[in-house]
Amino acid sequence: MREVLAQAAFQLFLERGFERTTVDDIVARAGVGRRSFFRYFPSKEDAVFPDHERCLAEMTEFLAAADDSDPVGAVSDAARIVLRMYAANPEFSVQRYRLTREVPGLRTYELSVVRRYEQTLAGHLRSRFGADGDGALRAEVIAASVVAAHNNGLRLWLRSGGEGDPEVAVDHALAMVREVWGRPAAPATPAAPGASAVPAAPLAVSGGGDGDGEVVVMVARKGTPMWRVVQQIESAVGEN
């Protein structure tokens, strides 16, 4: 019944437009009563996204079963559950994407759905990194990065009309996220009592071709997360 109602609603949205379609129109097309509609969907907007609740539940179950060895990899794989949901019905996904671009209310609703996915990913990461301080910040930033990377690849595929393999672009984008965030965070070193407000500058040394050491000096603001300091040092040494 849920699928029948969703199909009836979407057909009417395409035929008449979203704003001009009422719940009464939808139940008449589906051949059921209003009570049946509201048993499955709180609003018209929900009928445009009938599969996200199931997908969110699947993502939550997947993350609950994931081990602790690679949390960034786990949330990246969880994002692919959403991709597979879209790829399972390319025609519907492309039509929905176009409809959502045309109706501001649907775009707002879609953003709220995306935010729920992001919160689910962030919640998993907080359970691995810690819910306070840099652990919570790291979880939020990585979750936002995974969602942005996934959506970038997905929308490229949707804008193409569903041509080709959507996993190619999404996998490429998620690989960038894992490259940046896949390394474990280095533990912060507490400052010694009475230390200066400006922290000591971290140093990295790499051997030079002439036998002299090449010194890379970086100054960081007080309170900069240690993983960011290490990341910037590694980037500087790699570039040199």
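The legends below describe an overview and several close-up views of one predicted protein model.

Residues are numbered from 1 along each chain as its sequence is written, and side-chain values use heavy atoms, with hydrogens and water left out. Because the model is predicted, local features need pLDDT of at least 70 and side-chain atom pairs count only at pLDDT 80 or more, whereas totals for chains, interfaces and linings use all residues.

**Figure 1. Overview of the protein chain, with 11 helices and two strands.** Helices (H or I, at least four residues) and strands (E, at least two) are DSSP runs, numbered from the N terminus. From the N terminus on, the elements follow the order α-α-α-α-α-α-α-α-α-α-β-β-α. Of the 240 residues in the chain, 39% are buried; buried means under 20% relative accessible area, exposed over 50%, and partly exposed in between, with a 1.4 Å probe and protein chains only. A contact is defined as heavy atoms within 4.5 Å. Among contacts with a separation of 6 or more, 62% involve residues 24 or more positions apart.

**Figure 2. The salt bridge between Asp51 and Arg96.** A salt bridge is a side-chain nitrogen of Lys or Arg within 4 Å of a carboxyl oxygen of Asp or Glu, and by this rule the count comes to 14. In this view the two side chains meet at 3.1 Å, N to O. Asp51 lies in the loop between helix H4 (44-48) and helix H5 (52-65), while Arg96 belongs to helix H7 (residues 90-102), so the pair ties together parts that are 45 residues apart in sequence. Asp51 counts as buried at 13% relative accessibility, and Arg96 counts as buried at 2%.

**Figure 3. Salt bridges of Glu58 with Arg54 and of Asp25 with Arg16.** The side chains of Glu58 and Arg54 meet at 3.6 Å, N to O. These two residues are four residues apart in helix H5, which means that about one helical turn separates them. Glu58 is partly exposed at 37% relative accessibility, and Arg54 is partly exposed at 48%. In the other pair, Asp25 and Arg16 meet at 3.2 Å, N to O. Asp25 is partly exposed at 23% relative accessibility; Arg16 is likewise partly exposed, with a relative accessible area of 36%.

**Figure 4. Helix H7 and the elements that cover its buried residues.** H7 has 13 residues and reaches 19 Å from its first C-alpha to its last, close to the 18 Å expected at 1.5 Å a residue. The expected span of a helix is 1.5 Å times one less than its number of residues. Within H7, the residues Phe92, Ser93, Val94, Arg96, Tyr97, Leu99 and Thr100 are buried. Their cover includes helix H1 (2-16), H4, H5, H6, H8 and H9.

**Figure 5. The crossing of H7 and helix H8 (residues 104-129).** Two packed helices are described by the angle between their axes and the distance between the axes. Here the axes come within 5 Å and cross at roughly 115 degrees. Axes are lines fitted to C-alpha atoms, for helices over the stretch in contact, and angles run from 0 to 180 degrees between N-to-C directions. H7 and H8 are therefore roughly perpendicular to each other; angles under 35 degrees count as roughly parallel, over 145 as roughly antiparallel, 65 to 115 as roughly perpendicular and the rest as oblique. Leu99, Thr100, Arg101 and Glu102 of H7 make the contact with Pro104, Leu106, Arg107 and Glu110 of H8. These residues divide into three nonpolar, one polar and four charged. Ala, Val, Leu, Ile, Met, Phe, Trp, Tyr, Cys and Pro count as nonpolar, Asp, Glu, Lys and Arg as charged, and the others, Gly among them, as polar.

**Figure 6. Helix H6 (residues 71-87) and its surroundings.** H6 has 17 residues and reaches 25 Å from its first C-alpha to its last, close to the 24 Å expected at 1.5 Å a residue. Of its 17 residues, 14 are buried, so H6 is largely enclosed by the rest of the structure.

**Figure 7. His150 in helix H9 (residues 133-159).** His150 is buried, with a relative accessible area of 4%. Leaving aside residues up to four places away in sequence, His150 touches Ala79, Val82, Leu83, Val170 and Leu174.

**Figure 8. Asp171 in helix H10 (residues 166-181).** Asp171 is partly exposed, with a relative accessible area of 28%. A network of salt bridges links Asp171 with Asp77 and Arg80. The C-alpha atoms of Asp171 and Gly153 are separated by 8.0 Å, and these residues are 18 residues apart along the chain.
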